[in-house]
Amino acid sequence: MPVKSKIFRLGSPADRAKIVKSLASRFTLERDVGAPVETVFMDTFDWRIHHRGGALFLESSDSVRQLTWQTGPKGSSESLSVDEAPGFEWDLPDSEFRSRLAGIIEMRRLLPVAKVVSRRESFRILDSRRKTVARVHVESRRAGAPESRVCRRAMPSILVASGIRGYDEDLEDLFEFFGVELGLEIEADSELAAALAAVGLTPVEARSKITFDLEPKMPADSALRQILGRLLQTLEENEDGVRSGLDTEFLHDFRVSSRRTRSALTQLKGILPARAAGRFKREFAWLGQVTGPTRDLDVYLLKMPSYRKSLTSGVREDLEPLGVYLQGLQRQARSKMTRSLGTKRYAKLLSDWRTFLEKTTPVEDLAGLAGRPILEVARARTWKAYRRVLKGGSAIGADTPAEALHRLRIDCKKLRYLLEFFRSLFTPKDMAVLIKALRRLQDNLGDFNDYEVQQDALVTFARDMSDKGLAGAVPLMAMGRLVELLELGQERERQRFHKQFDRFAAKKNRQRFQRLFKSREAS
Amino acid sequence: MRVFATYNIKGGVGKTATAVNLAYLSAREGARTLLWDLDPQGAATFYFRIEAAISGGAERLLSGKTDPDKLIRGTDFEGLDLLPADFSYRNIDLELEKSKKPTKRLAKLLQPLSKEYDHLFLDCAPSISLVSEAIFVASDALLVPTIPTPLSLRTLDQLEKHLGGRKKRQPAVLPFMCMVDRRKSMHRQICAEATAHRQTLAAMIPYSSLVEQMGLRRKPLGAYAGSSLPARAFESLWREIQRTLG
């Protein structure tokens, strides 16, 4: 139930005492014993809650812990009692609170972003029956960075006036008293904003898709170095997260950057010096290999809740041995990966790559493809990749073996990467339309492939678990049921393919591709 | 939303004390809780220091003209709200008769509240009438405080027979011994018999002047004597009720 409240800013401590005195002379008050409260603000790495205009925080006082979500600065807030700070949405009890939060944060981890310690003087406003009709807290607060144990940074003191359901008039009287009679100003900053300001931190801009900023006449060499440079930056930004293992998205973003790097080097061959490009391509392939197993297992662990859901309630618990097995494998894979990321080979890859990308050659000295305007190269390569997708997709009939769809999926990915690299060179609307159309097709092909991969993986897991005596007949049968469900899913996607491809290859899209990418010279 | 009704044809057996104290415990555990004081005497409302008056009275509430949401008041306790009593509740039967399906009217009225509350307690007036039938239809469980005397058991039998004959929706009937005075041999005897033969709950609420003090203190027992014997008895009762209902 939403509790209406207003927050007023207070001046000096002397003001506080005066205000309490005025309050007592006007209203019937009862003082509550208040204990210091520690508030930890939480958000995902990419500040999803903040970007929606809300705040999530955990208040701890005595032994009570309450998680509150304010869904907007003037909006309502809801609270939930918890035993400890949640890491992920699935750590919370099943409730509407949890499902709505999950809608925003998905699988990302909640991390502490700021800490506030407040001392409260709490009062209850009473009516003639001595019923509490409103509450007033006078708070002095100090902020600290989330890792620090002590909060030392001063924040403005505030007065919070909140209501009790059904006693709106009493609350309005209180608001009028504070706002009009005492002339107090509304505190404009949210507690989180004030805390961050006190500590000197700023919310990171929402990490949307990485954007590249290219100019049509830029030489291809500079453009490619810029693209690869941004990808390297993303890789570095995610490194700490990968090592800490707190959130699977760090490793995911890390690997995506690595994959796009390799794709750029392959698809835009001939721009950078061949030998160097070849060497780095091989090294990034190695990086993909050492991080792959951990990511695969992360994905299966993330799928476990939906696996459980897809089975009937009597059978769900039978998947527990699989969960335990996967966790064990993931731990092993992670330590191996962490060791690889600690090697000189890895460190050298990143530093050499950075050095290589920062080497700029004067335009006059750029030969061949490297010196051509990027727009020209972009159009040629994208057109080529697009034609490949059209050709591949058109050749797929109802009886074509699955292999052709897997190849098409890869070709679509190549096209997609190119569209994203060169997005800034074309009109936003055109690119948005084409990328959306391609994404739909990719989703279908991706799901089709994913279903197959999952089936194979589950069979492999089952064999291994059986050989090692980690699962009896019952769990294996539950896994078998899963495999069957996945097979049905795969078949469904296969049926959907033709419609999806026809949609992608529709005249309007073809015309748009032609307009943007087809060479003006002889076709 | 689970609906509990403290119900007994007899008056003065502990319905209100039970409703108030269990609602308090429910909210303390974190369940969003509403207590509806259906007794025109308004004792539960009085205990919470709230005015026993609703705008428009029973007529507008039961006909759907007043939204119950607008009448609900927060108690002094986190997570616990009250829908107050009103003297016009003495006419609830008459109001119910005005609707097409009188026994279903209450359940219909309570429906929208299920989004906001996990537990609803109905503190019923002592009676067996149309409003009682409506309560039977709307409730998941009837909590029947019973004083350990032969007449009380007879009344309990009567209730169970009445409910047993119905074809319609059946609330779970959970009788429990209340206002037990262990000094009285008859009380001891009846309690023993109840435990041996009947379906009464194991938890028993002792007679206690601390509970009577609720009328002076005007707050739930748990708020002023949380570790007392009767308070712990209510806690056992609440736990047992929840376990029984699953």
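## Disulfides and cysteines

Count the disulfides (pairs of cysteine sulfur atoms within 2.5 Å) over all chains and you get 0. B:C178 has a relative accessible area of 3%, and B:C191 comes in at 1%.

This is a predicted model, where local features need pLDDT of at least 70 and side-chain atom pairs count only at pLDDT 80 or more, while totals for chains, interfaces and linings use all residues. Residues are numbered from 1 along each chain as its sequence is written, chains are lettered from A in the order in which they are written, and side-chain values use heavy atoms, with hydrogens and water left out.

## Where B meets A

Here 15 residues of chain B are in contact with 11 residues of chain A, contact being heavy atoms within 4.5 Å. The buried area (accessible area lost on being put together, 1.4 Å probe, summed over both parts) is about 1200 Å², and carbon and sulfur atoms give 41% of that. On chain B's side, B:R49, B:R73 and B:D76 supply 42% of the area buried against chain A, more than any other three residues.

There are 5 salt bridges across this interface, each a side-chain nitrogen of Lys or Arg within 4 Å of a carboxyl oxygen of Asp or Glu. In one salt bridge, B:D76 pairs with A:R124 at 4.0 Å, N to O.

## Nonpolar cores

A nonpolar core is a set of buried Ala, Val, Leu, Ile, Met, Phe, Trp, Tyr and Cys residues joined through side-chain atoms within 4.5 Å. The largest one has 72 residues, and A:L287, A:F422 and A:F504 have the most contacts inside it. Another core lies apart from it, with 58 residues, including A:L10 and A:Y167.

Terms used. Buried area = accessible area lost by both parts, 1.4 Å probe. Buried < 20%, exposed > 50% of the residue type's maximum accessible area, 1.4 Å probe, protein only.
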